[in-house]
Amino acid sequence: MFVYHNAQPVEDLGQGVTRRVLAYGGTLMAVEVTFATGAIGPLHHHPHEQLTYVLSGRFAFTINDETREVGAGDTLYKAPDVVHGCVCLEAGVLLDTFTPQREDFLSTM
């Protein structure tokens with residue numbers, strides 16, 4: 001399967017955050033999330049494993065009760081049901097990979 005970036009719809013999540021589901025199939029999904037400076041990814045949890053790769057920008061990420069600053073090239077792992085969230089310190093883009101797929105993301109497309 002080939003997925004072209006400009007062919008994928010962008011969902012405006014409000015308050016400076018947009019989401020673009022890039023590719024998905026089987027039990028895997030890749031999602032691009034863009035943040036404006038100051039935008040917040042509220043603390044939440046879900047039953048999916050998640051890897052986040054910072055493509056650009058700077059973020060203060062909280063995983064469980066630990067908060068650290070991360071930037072381009074850094075990667076974060078979130079185990080299922082672990083509370084996590086972020087504050088965008090400098091406008092940027094994240095690449096999130098989920099397993100299994102986030103069916104809730106597909107229902108909004």
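Student: Phe-98 and Phe-105: are both buried or exposed?
Tutor: This model is predicted, and residues are numbered from 1 along each chain as its sequence is written. Local features need pLDDT of at least 70, side-chain atom pairs count only at pLDDT 80 or more, totals for chains, interfaces and linings use all residues, and side-chain values use heavy atoms, without hydrogens or water. Relative accessible area under 20% is buried, over 50% exposed, and in between partly exposed (1.4 Å probe, protein chains only). Phe-98 and Phe-105 are both buried.

Student: Which residues of the largest nonpolar core touch the most other members?
Tutor: A nonpolar core joins buried Ala, Val, Leu, Ile, Met, Phe, Trp, Tyr and Cys through side-chain atoms within 4.5 Å. The largest one holds 18 residues. The members that touch the most others are Met-29, Val-31, Phe-35, Phe-59 and Phe-61.

Student: Which elements give two or more residues to this core?
Tutor: Elements are DSSP runs numbered from the N terminus: helices are H or I with at least four residues, strands E with at least two. Those giving two or more residues here are β2 (17–25), β3 (28–35), β5 (49–63), β8 (84–99) and α1 (103–106).

Student: Leaving aside neighbours within four places in sequence, what is Met-29 in contact with?
Tutor: Contact means heavy atoms within 4.5 Å. Met-29 meets Val-21, Ala-23 and Tyr-24, among others. Further along the chain, its contacts are Asp-96, Thr-97, Phe-98, Gln-101, Arg-102, Phe-105 and Leu-106.

Student: How many aromatic pairs does the rule count?
Tutor: Rings of Phe, Tyr and Trp (its six-membered ring) pair if their centres lie within 6.5 Å. Planes under 30 degrees apart are stacked, over 60 edge-to-face, the rest tilted. The count is three.

Student: What kind of aromatic pair do Phe-35 and Phe-59 form?
Tutor: Their centres lie 5.4 Å apart, with 80 degrees between the planes. Phe-35 sits in β3 and Phe-59 in β5, so the pair links parts of the chain 24 residues apart. Phe-35 is buried at 7% relative accessibility, and Phe-59 is buried at 0%. The pair is edge-to-face.

Student: What kind of pair do the rings of Phe-98 and Phe-105 make?
Tutor: The centres are 5.6 Å apart. The planes stand at 90 degrees, so the pair is edge-to-face.

Student: Which peptide bond is cis?
Tutor: Most peptide bonds are trans. Pro-100 lies in the loop between β8 and α1. With omega near -10 degrees, the cis bond runs from Thr-99 to Pro-100.

Student: Gln-15 is not a glycine, so what is its positive phi?
Tutor: Most residues other than glycine have a negative phi. Gln-15 lies in the loop between β1 (11–14) and β2. It counts as exposed because its relative accessibility is 79%. Its phi is about 55 degrees.

Student: What is the phi of Asn-64?
Tutor: Asn-64 is in the loop between β5 and β6 (66–71). It is partly exposed, at 47% relative accessibility. Its phi is positive, near 60 degrees.

Student: Which residues does Met-109 touch, not counting residues up to four places away in sequence?
Tutor: Met-109 lies in the segment after α1. Its C-alpha is 26 Å from that of Tyr-77, 32 residues apart along the chain. Met-109 touches Pro-9 and Val-21.
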